[in-house]
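I open this notebook to record what I looked up in one protein structure. The entries follow the order of my reading.

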Amino acid sequence: MKLKEFEAKQLLKSVEIPTSKGLVITSIGMIPEFSQSKICKVQTIANGRGKAGGIKFVANTQDSTLFFEKFIGKKFLDETITEILLDEKIEISKELYLGILFDTSKRMPILVFSQEGGVEIEEIQKNTPEKIIKIDINYLEGITLGQIELITSNLPYSNETKNQIKDIITKL
């Protein structure tokens, strides 16, 4: 299943996984007045939207309006854009990668985790695959506490942070 970012965030929120606070904009009249930095993100299921110019920091309402006008209703990465996510800007101290993917060769879901998070997970997989943990998920058992412990036990973080990661994996 492919989801746009705002759709994925709705699912995450439904199981109480914390996400940034954003607003989906579908018409110019929905853009709120603001004067602090935010992020405009084109909503598409295509990969590479950041590198293609579909994500931009904006300083105010005027900047976000220009971004909206540039993309809404237009083709971007072979998709007509109907939504822009106006998201809060968050200071990031460290990015991790966590996902549940379907492995078509094994015909089962797998949990993928890396301390080298961010948008370049494919490059990490290609150049330093040892930095990625992949765990098969049994349909009947789900993710086990032992598997979660395998992921978190060697992380160089406080117990509080490890517990937050465990909580997110469990909810995911």
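I began with a rule: rings of Phe, Tyr and Trp (its six-membered ring) pair if their centres lie within 6.5 Å, and planes under 30 degrees apart count as stacked, over 60 as edge-to-face and the rest as tilted. I noted that a pair of aromatic rings is described by the distance of the centres and the angle of the planes. By this rule I found 2 aromatic pairs.

**Sources.** The model is predicted: local features need pLDDT of at least 70, side-chain atom pairs count only at pLDDT 80 or more, and totals for chains, interfaces and linings use all residues. Residues are numbered from 1 along each chain as its sequence is written, and side-chain values use heavy atoms, with hydrogens and water left out.

**Overall view.** I took helices (H or I, at least four residues) and strands (E, at least two) as DSSP runs, numbered from the N terminus. The protein chain has 5 helices and 9 strands. Their order along the sequence is α-β-β-β-α-β-β-β-β-β-α-β-α-α. The C-alpha trace spans about 50 × 35 × 30 Å along its principal axes. Of the 172 residues, 33% count as buried.

**Helix H2.** Phe67 and Phe71 both lie in helix H2 (residues 61–71), 4 residues apart, about one turn of the helix. Both are buried, and Phe76 is buried as well. Glu69 also has its place in helix H2.

**Helix H1.** Which residues of helix H1 (residues 5–14) are buried? They are Glu5, Phe6 and Lys9. Seen down the axis of H1, these buried residues fall within an arc of 90°, so they line one face of the helix; the arc is that of the directions from the helix axis to the C-beta atoms. Gln10 and Ser14, on the other side of H1, are exposed. The cover over the buried residues of H1 includes strand S1 (22–25), strand S2 (38–42) and strand S6 (84–88). Just after H1, Glu16 takes a positive phi of about 65°.

**Charges.** A charge sits over a ring if NZ of Lys or CZ of Arg is within 6 Å of the ring centre and within 35 degrees of the ring normal. I found the charged end of Lys38 over the ring of Phe34, 5.5 Å from its centre. The charged end of Lys89 sits over the ring of Phe57, 5.1 Å from its centre. I then turned to Glu79, in strand S5 (residues 79–80). Glu79 is buried yet has no salt bridge, which would be a side-chain nitrogen of Lys or Arg within 4 Å of a carboxyl oxygen of Asp or Glu. The nearest side chain of opposite charge is Lys4, 4.0 Å away; Lys and Arg count as positive and Asp and Glu as negative, while His and the chain ends are not counted.

Methods. Buried < 20%, exposed > 50% of the residue type's maximum accessible area, 1.4 Å probe, protein only. Contact = heavy atoms within 4.5 Å.
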